Amino acid sequence: MEILSPTPDVLDRAATALRSGGVVVIPTETVYGLACNALDADAVRRVFAIKGRPANNPLIVHVASEAQARQVTSAWPESATVLAARFWPGPLTMVLPRAAVVPDVTAADLDTVAVRMPAHPVALELIRRAGVPLAAPSANPFMRLSPTRAEDVDPSIVSQVTMVLDGGPCDVGLESTVVDLSGTAPMVLRPGGIPRAALEAALVGPWITERTETVTRSPGMHPRHYAPRATIRLVASTPPGAAGLVFSAPANPQQIRMPSEPQAYGAMLYAALRRLDLLGVAEIFVVTPPSGDAWEAVHDRLRRASTALDAP
Ligand code: TXA
Ligand code: MG
């Protein structure tokens, strides 16, 4: 296996591999994905196996057009048209009724399917060349940090795929926002690259916000996720001698100064945690970011990263 620059020739090789059941690591604007033909049940089973992901956690189907999204869904409500027009291509995933062409394994036996049109030119071009929608979970082993650079993809994954396409560092750096449009009202299942306020401005309410609903409708979502090996502690201030993510001047080389703006913070978060993790520190003290809608995805990832393995 190799990490390759996505020249036209390499993209053709990747597309051919995907059409014949292969698995390729692809760049997206959010995080790198472990991609295969979403309509090929055997290929999808290999993706679950490579990632070590439980079969009850469905994959996102990546498309290059709204027309292709309609082919994998069995209903396309007005709300989907509105959100696609406003946010696609981009870090928004929509959960909709599943078309029969999508295998059970891709959707973890649900009658819905998650679809998204990524904003990365390499991902879009590859989907077009492959001619099939691509199922792609984040390219990390189950419960580890998602990679936001090609060189951050775990060797255990790199060794099992046809190739890794290097599309540079991911602009967004956090996974897409997942919105369920299959119920009576829209609901955010996972905060992410598109802030809730932007969604609510584009699609006027009512939105379902009860957490109990969100949990029952997010199969496979684990309280611990996106975690480094080190223990994450959310604190008001990082002890001067400790490793951590800070907002002011770092007190030692194991502290990383983070941006005070939420998009820039999110874009850096996984790479920063990974850098400290690679130093082998036991604990990472993260200064709690500001509250507010624009920080929701960052808070969600930090909460999951800091949740103990035996948490409920
Ligand atoms: O930004 C992203 O979304 C990245 C890039 C690669 O596109 N992908 C990603 O995939 O984060 P993954 O597999 O790590 O997360 C998919 C999320 C999970 O929380 C899963 O439960 C949810 O989407 N999901 C997928 N299909 C669903 C469905 N039918 N109903 C409800 N939730 C679904
Ligand atoms: Mg993931």
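A polar contact is a pair of N or O atoms within 3.5 Å. In this predicted model, an oxygen atom of ligand 1 is 2.6 Å from an N or O atom in the side chain of S176, so the two atoms meet that cut-off. The points below take up the surroundings of the ligand, then the sheet, and then the aromatic pairs.

**Surroundings of ligand 1**

- There are 26 residues around ligand 1, and those that come nearest are T30, R53, H62, S176 and R190.
- T30 has a polar side-chain atom 2.6 Å from an oxygen atom of the ligand.
- For N57, the distance from a polar side-chain atom to an oxygen atom of ligand 1 is 3.1 Å.

**The sheet and a helix packed on it**

- Ten strands make up an open sheet with mixed pairing, in the order β1-β8-β2-β3-β7-β4-β6-β5-β9-β10.
- At the edges are β1 (3–4) and β10 (187–190), each of which pairs on one side only.
- In general, the strands of a sheet pair through backbone hydrogen bonds, and they may be parallel or antiparallel.
- Strand β3 (residues 33–37) and strand β7 (residues 134–135) run antiparallel and are joined by 2 bridges.
- Within β7, A135 is the residue that stands opposite C36.
- Helix α2 (residues 41–51) packs on the sheet and touches both β3 and β7. The direction of helix α2 makes about 160° with that of β3.

**Aromatic pairs**

- The whole structure contains 4 aromatic pairs, among them the pair of W76 and W88.
- The ring centres of W76 and W88 are 6.2 Å apart and their planes stand at 55°, so this pair is tilted.
- W76 lies in the loop between α3 (66–72) and α4 (78–87), and W88 in the loop between α4 and β5 (92–97); the two are 12 residues apart.
- W76 and W88 are both buried.
- F247 and W295 form an edge-to-face pair, with 6.3 Å from centre to centre and 85° between the planes.
- F247 is in the loop between β12 (244–246) and β13 (255–257), while W295 is in the loop between β14 (283–287) and α10 (296–306), so their pair ties together parts 48 residues apart in sequence.
- The relative accessible area of F247 is 24%, which means that F247 is partly exposed; W295 has 6% and is buried.
- Y265 joins F247 and W295 in a cluster linked by ring pairs.

How values were computed: Residues are numbered from 1 along each chain as its sequence is written. Chains are lettered from A and ligands numbered from 1 in the order in which they are written. This is a predicted model: local features need pLDDT of at least 70, side-chain atom pairs count only at pLDDT 80 or more; totals for chains, interfaces and linings use all residues. Side-chain values use heavy atoms; hydrogens and water are left out. Two strands pair if DSSP finds at least two bridges between them. Helices (H or I, at least four residues) and strands (E, at least two) are DSSP runs, numbered from the N terminus. Contact means heavy atoms within 4.5 Å. Axes are lines fitted to C-alpha atoms, for helices over the stretch in contact, and angles run from 0 to 180 degrees between N-to-C directions. Rings of Phe, Tyr and Trp (its six-membered ring) pair if their centres lie within 6.5 Å; planes under 30 degrees apart count as stacked, over 60 as edge-to-face and the rest as tilted. Buried means under 20% relative accessible area, exposed over 50%, partly exposed in between (1.4 Å probe, protein chains only). A residue is near a molecule or strand if one of its heavy atoms lies within 4 Å of it. A polar contact is a pair of N or O atoms within 3.5 Å; within protein, one must be able to donate a hydrogen and the other to accept it, and residues adjacent in sequence count only if both atoms are side-chain atoms.
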